[in-house]
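Have the sequence and the 3D view at hand as you read.

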Amino acid sequence: MVDCFIMALITPILALIGSLGFLLYGMKLMSDGIQKSAGERMQRTLSLVTGNRFAGLLTGMFITMVIQSSGATTVMVVTFINAGLLTLAQSVGVIFGANIGTTITAWIVAIFGFNFKISAFALPLVGIGYFLSIVKKSRYVNIAQALMGFGMLFMGLSGLSEVFTPQQLGFLFKIQGEGVLSILSGFAIGIIITGLLHSSSAFSAIVITMAYNGLISWELAAAMTLGSNIGSTIDAVLASFGSIADARRSALVHVLFNVFGTILALLFFHPFLDLILFVTPGGEHSNIAIRISVLHTVFKLLSTIIFLPFTNQLVRLTQLMIKDDADDGKRKEFKLEFIETIGKDNFATHIIRAEKAVSDMCDVVSMMFDRIQIGVTKRDSSYLEEHYLVAEQEEDYVDQMHEQITHYLIKCGGLQITEKQRNHVSIMLQIVDELENMSDNCYTTIMLIQRSIEKKMKFQSSDMERMLPYVELARQFLQFIHININRQLTQEKLELARELEDGIDAFRKDLKKVARKRLEGGADVKSELLYIDMVRQIEKIGDNCFNISEALTAS
């Protein structure tokens, strides 16, 4: 008798744990599979969001609907702000859109999970997905993973539906109370469990199942759903730790949006529920699963409508709450920390962040080269005051970038990335090496200019006039690299790079020939040798540019 009681108690609990595991793992597989197959394109789209808040809203909504995770979208936003790919103002619309897009999962569960016997073909989906995934060199591995996840999600949902019944777990979970205390309890449960699961979508599926089977009341389901919106912000908060001020502010925007919206919904709880019943076909007699999905979507839409016009005010509020990063007026130490994406394997995010760092490194090298061009035309003491010490700091900064980016790219290479992404990482490592060599050559040239000024070396005006088009040609080559630094070069563009390289080599030969003739004619040896050194260093910069061009062609 006692054994039967224990079994009756343990069996449904074990079934609950197993079904919940299927549901959560299925959602993870489905989300990861979609992200790996379409995630990189989605993330690159996100990194190109303009300042238009409505464009950001639609982008955030679309990306979240595709990858099935608002947490993943907001983590990407935080990461991209930290990398300088997005501004705080641009991120607000994306965050609002992500909150709307995340409601799609509740609709999938409500429509397919209860209105159709989807569990009948959930198992075949898992089988098809598995066999697709083990086919060698299959292009559909990620899609297969998503199919397996989709099937497992509904197998888990079917299991939950069977176990979440008054007969099985009613004695544990049947909470039908009403009133303020019941609403606040459901609200707190929604926050805590969603925070533990790291997924408002998974918790929504659980709430819908419990409500559909009569274990919880409509009011309690609504309160739990509202609480889940606050619990869902945990991924963005965790991702913001150790990031720059604006990245932390974007996570705060996500929190404030959900907290303020939820407080408003709780203050007008019963009128809000009346609105949901009014817009849901069938009203209070409608399918409760559909009703909860309507509540989730209407809540997000109303919150967005209320807060979108106050985007600038919301940004200013976060700026008051989180102070700017300390700035001593000097160039900061370069840091590129490899932060594991919370809960998701957004490998493309790391690569996009590395691309931005490589582009920034190219910016600094370009500024150093500009100082060469200024020095050729303005060789006086003011040049030393305005440019020499700054160039020294820039050269040290590029060395830091070289070390940090190399370490970061090696970490990227250790991820489970595609062969194409791995090749891209390898090419970026080559480019970073070339950029560091180029900065050394720029700094050496600037030191030669500095020495010529301090030693008061005399050059004929015709010498510098010949040097100017040579330096300008090298600058054009560097500008060509700067524009194409993260793009694959076509053969036509590689030919253009080869023409620039050949032009620099031809100039170098002419300039060195003229300098040697002057030496033979009795010109100052130190001045002419320094002049030849400058010519040689600039030619090395051209070599670095061509090496980068070849690497970009292979990408």
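**A first look around**

What you're looking at is a predicted model, and its pLDDT averages 80 over the chain, with 82% of the residues scoring at least 70. One stretch to treat with some care is residues 167-174, where the pLDDT is below 50. Even so, that stretch has 21 contacts in the model beyond near neighbours in sequence.

Now let's turn to a pair of helices. Find helix H4, which covers residues 88-101, and then helix H16, at residues 311-321. Their axes come within 10 Å of each other and cross at roughly 115°. Angles from 65 to 115 degrees count as roughly perpendicular, so that is how H4 and H16 sit relative to each other. As for handedness, the H4 and H16 crossing is right-handed.

Which residues do the touching? On the H4 side look for Leu88, Ala89, Val92 and Phe96, and on the H16 side for Thr311, Leu314, Val315, Thr318 and Gln319. Sort the residues in this contact between H4 and H16 by class and you get 6 nonpolar and 3 polar ones, with no charged residues.

For charges, we have to look elsewhere. Side chains of opposite charge can pair when their charged atoms come close. The structure has 8 salt bridges, and one of them links the side chains of Asp246 and Arg249, at 2.7 Å from N to O. Where do Asp246 and Arg249 lie? Both belong to helix H13, which spans residues 245-267. They are 3 residues apart there, or about one turn of the helix.

Terms used:
Residues are numbered from 1 along each chain as its sequence is written. Side-chain values use heavy atoms; hydrogens and water are left out. Axes are lines fitted to C-alpha atoms, for helices over the stretch in contact, and angles run from 0 to 180 degrees between N-to-C directions. Helices (H or I, at least four residues) and strands (E, at least two) are DSSP runs, numbered from the N terminus. Angles under 35 degrees count as roughly parallel, over 145 as roughly antiparallel, 65 to 115 as roughly perpendicular and the rest as oblique. A crossing is left-handed if the near helix is turned anticlockwise from the far one by less than a right angle, and right-handed if clockwise. Contact means heavy atoms within 4.5 Å. Ala, Val, Leu, Ile, Met, Phe, Trp, Tyr, Cys and Pro count as nonpolar, Asp, Glu, Lys and Arg as charged, and the others, Gly among them, as polar. pLDDT is the predictor's confidence in each residue, from 0 to 100. A salt bridge is a side-chain nitrogen of Lys or Arg within 4 Å of a carboxyl oxygen of Asp or Glu.
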